[in-house]
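Trainee: Could we go through this structure together, starting with its disulfides and then turning to the interface?
Mentor: Gladly, let us open it up.

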Amino acid sequence: MNLTKTLMASTALTVAAGMAHSDGHMASEMTIVSWGGAYSASQQNAYHTPYSEMTGVKIINDESSAEAVSKLRAMNEAGNVTWDVVDVVASDALRLCDEGLAMEIDPDTQLADAPDGTKASEDFGDLLVGDCFIPQIVYSTTVGYRTDLVGDTPPTDICAIFDTDAYPGKRSLEKRPIGNMEWALLCDGVEKDAIYDALATEEGQQKALDKLATIKDDVVWWSAGADTPQLLADGEVVMGSTYNGRLFSLIVEQNQPVAMLWDAQMFDLDGWIIPTGLSPERQARALDYVMFATDTQRLADQSKYIAYGPARKSSAPLVGKHAELGIEMAEHMPTDPENAKNTFLYNYEFWADYRDDIDAKFQAWLVK
Amino acid sequence: MSDAPTAQTASSSAAEARIADAAYTGPMLAADGTPLKKSLNRALRLQKMRALALIAPLLIFVLVTFIAPIADMLFRSVENEIVSETLPRTTTLLANWDAKGTEIPDEAVFEALYDDMFYAIEAKEHTKLGGRLNYELTGMASLFRKSGRKVEDMGEVYQDQFEGLDAFWKTGENWNSFMGSDEWLASMAGWTKADGRQPKFKLREGMADVLPATTATYLKYAAFTQNEDQKNLYTTDPWAIVYSSLHKDLTGENALADYAGPAAEQLKAGAAAATSFETVNFSEAFLDIDKKWHDLDVWTTIKAYSPKLTSGYFLNAIDMQKSVDGAEMRPENQQIYGILFYRTMKMSVIITLSCIMLGYPVAWILANLPARQANLLLILVLLPFWTSLLVRTSAWKVLLQDQGVINDTLVWLGIVATDDRLALINNQTGTIIAMTHILLPFMILPLYSVMQTIQPTYLRAAKSLGATNWTAFWRVYFPQSVPGIGAGSILVFILAIGYYITPAIVGGTEGTFISNRIAYHISSSLNWGLGAALGAILLAAVMLLYYAYDKIVGIDNVKLG
């Protein structure tokens, strides 16, 4: 009997403590999920710290964005969503929206207007790619190369990846079809406008894989954004694709002999979603945070700390100097006209449909 | 627990006394007069219950936190309720449709699809279903997403005509005035949100006979509005689909002739006008949304995945797929899992063998050194456990890469040419090296603890009887250390086939394991069903190997110490 009592008492205590804890959570804390590293640091500086000072809400950082989709699904199934605001790439946001795991946002009533009164829907424009997604930054997947390993004629266009005669050595590419397939077709002579039509067919997909096969033995496949900078710094590869912000820090902060090849960079978006299943108070606070963190000034502030372009048109003129290095950031933005002469925009609709199919073929091609 | 044996001893010694006294007069009795067998059983049962109660917390803990989640995850590999739950009427009608023919389903199926989709869209389930079916047929995700808003508009043809006929049909109040029971209407009259829960909708008596289809639709609408949307049903205007149901009732079978309740006049006027209303051809309407709705593939896929349980995930996991004619192999350019399963098994065996080769001498030295030195060396063996797995794997990257420490050293020594460096990473070699290192302690520890129990006197005895060093080792020492090898091998092998971080970092394309694909399907593609099927196959393979091991070597022959 004693044991039972003790067990019951301790269970009750634990439950009570748990409830007390979650009550505390309601009152003054919110959990924001992001990617970690320099990116989270830039958000901490530009958004979290000012927001906490303004409202007194304590922000807990969780670095789980890479597994956000599966974790949110698991939390939702368990009926206990512990995240308040989540930073995800646009394609993941679409998936979360489709799965009913992210709430729909009305930009004009739930996001801040631009300082001149322009509605948010117009200020973000085409970048509002889903009903649940609030864009934050534009980043790109682009290629960097070792200036000391490419001889006297540095590469000027994306097809240098496939030109192992002119640029011998290994190259690193992301271990997924998105981006690589487009580049392969472009360098196989397919018109840029016709690339997605081609990729929708079996022949087009095979053509892209055949083009990639010409360099298969020379490719190191990466799956983490930090891989290519490390491989470039160690001289393991002569060129490789990665996120432009990673290359920025490799070139400008670490002074490595690396240069950017902006040609055919693949634009993508990163931004916020608010999970469904939050209590009304938490949801209201998450909305309040998002409205604050995506206003014109805050988005411009973030670019002081990292080389990603703000998603609002009205933020562009406010982009200034790097907070520590003091260099002008505008020219390092993927959206800078000088860098954005030839670009792709991640085709969300196409890849939402073809991702499973082409990925299966791509991975099967890889293992053979 | 501690007093249980005593109780047993007491009752059995009492029983012994009875045996001496009773001398074959009927069944043996215990001291209190009950038959001995019963008494003994009772004592044993009590003892078992106490034992069970004592382990209950652990048992429940294991069941809840380990067995249940695994069972749940494995069940996902066959679970497929989403299709029939989201499209209940469509899938029922599709059962009679000939998937092998060349005709797409008829208008009745499309009308059912409109119904099902309408509710799915209100509940925001349609995109989820699209995502599920997209695993089977490319393009389903956008087909369902795109159809979302447009399906909602389809029924508006009827809504507009009813509203054009009589403004009565425009408001929720008017609809409720004849659909709702008087009692419910009275309770809603003064209701505001501040009063708490909204009174649950009650249907007017007899309405189900008067307007059968409308009633069914209206009940769904009412439940959804009150429970999911949390809106005031009384003042909310009904969904467009309610109007198409009304049109169906008014032009088809109804019991309106005898109806004299509220709105009888408007309903009869509607019935007179409805016959000349413009109608909707749902098949054409869906074709207008997207021509894919008239593709045979779309319909065969929906039909193939209608059952609540599916073998589709398992077929996919062995490079097969469902088709109209049953299961068939996938095209060559999509086959991947067979290769990966085979590779995972092969590499795990190689890793286990290299762990035995490297671990055995180390364990032997540890077991034969004086305790002080052995403990120091043991700490060195355990040291890697105190370092993060990622750090250890990344360290291998630094060592093994083309411009890495090992290659640089070899070039410096002149063993390999600088443009012909060894490929030690991003292939199977890298995976084997790194994983052997990471799993080595799991081999050394069981070997060490088994070897410690082997008496050195046996070896000395063998030698004194004339055995050579090799014979003494091979015939006397080695057989005694086999249980350690068995335990170590099982540990290493089972850990190896489930590894995915290390192969992902150093394995390149040749060194990836099946677990890498499982991780991809769980965290990236969200195809949990396929991930679960792959996991179930892996689990079955391990069990099978364990069974084979038990048959060949004997599981009693495994010792951890």
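Trainee: Which hand does the disulfide of A:Cys159 and A:Cys187 have?
Mentor: Look at the torsion about the S-S bond of A:Cys159 and A:Cys187: it is about -100°, so the disulfide is left-handed. The pair links distant parts of the chain, 28 residues apart, with A:Cys159 in the loop between S4 and strand S5 (171-174) of chain A and A:Cys187 in helix H7 (residues 180-187) of chain A; helices (H or I, at least four residues) and strands (E, at least two) are DSSP runs, numbered from the N terminus. A disulfide here means two cysteine sulfur atoms within 2.5 Å, and these two lie 2.2 Å apart. The hand you asked for is left-handed.

Trainee: Before we go on, what should I keep in mind about the model and its numbering?
Mentor: Residues are numbered from 1 along each chain as its sequence is written, chains are lettered from A and ligands numbered from 1 in the order in which they are written, and side-chain values use heavy atoms, with hydrogens and water left out. This is a predicted model, where local features need pLDDT of at least 70, side-chain atom pairs count only at pLDDT 80 or more, and totals for chains, interfaces and linings use all residues.

Trainee: Is A:Cys159 buried or partly exposed?
Mentor: Buried means under 20% relative accessible area, exposed over 50%, and partly exposed in between (1.4 Å probe, protein chains only). A:Cys159 has a relative accessible area of 26%, so the class is partly exposed.

Trainee: What is the hand of the disulfide between A:Cys97 and A:Cys132?
Mentor: The sulfur atoms of A:Cys97 and A:Cys132 are 1.9 Å apart. About their S-S bond the torsion is about 60°, so this disulfide is right-handed.

Trainee: Now the interface: how much area is buried between chain B and chain A?
Mentor: Contact means heavy atoms within 4.5 Å, and 39 residues of chain B are in contact with 37 residues of chain A. Buried area is the accessible area (1.4 Å probe) that two parts lose on being put together, summed over both. Carbon and sulfur atoms give 45% of the total, which is about 3400 Å².

Trainee: Which residue of chain B meets A:Asp227 in a salt bridge?
Mentor: A salt bridge needs a side-chain nitrogen of Lys or Arg within 4 Å of a carboxyl oxygen of Asp or Glu, and the rule finds 4 across this interface. At 3.5 Å, N to O, the partner of A:Asp227 is B:Lys397.
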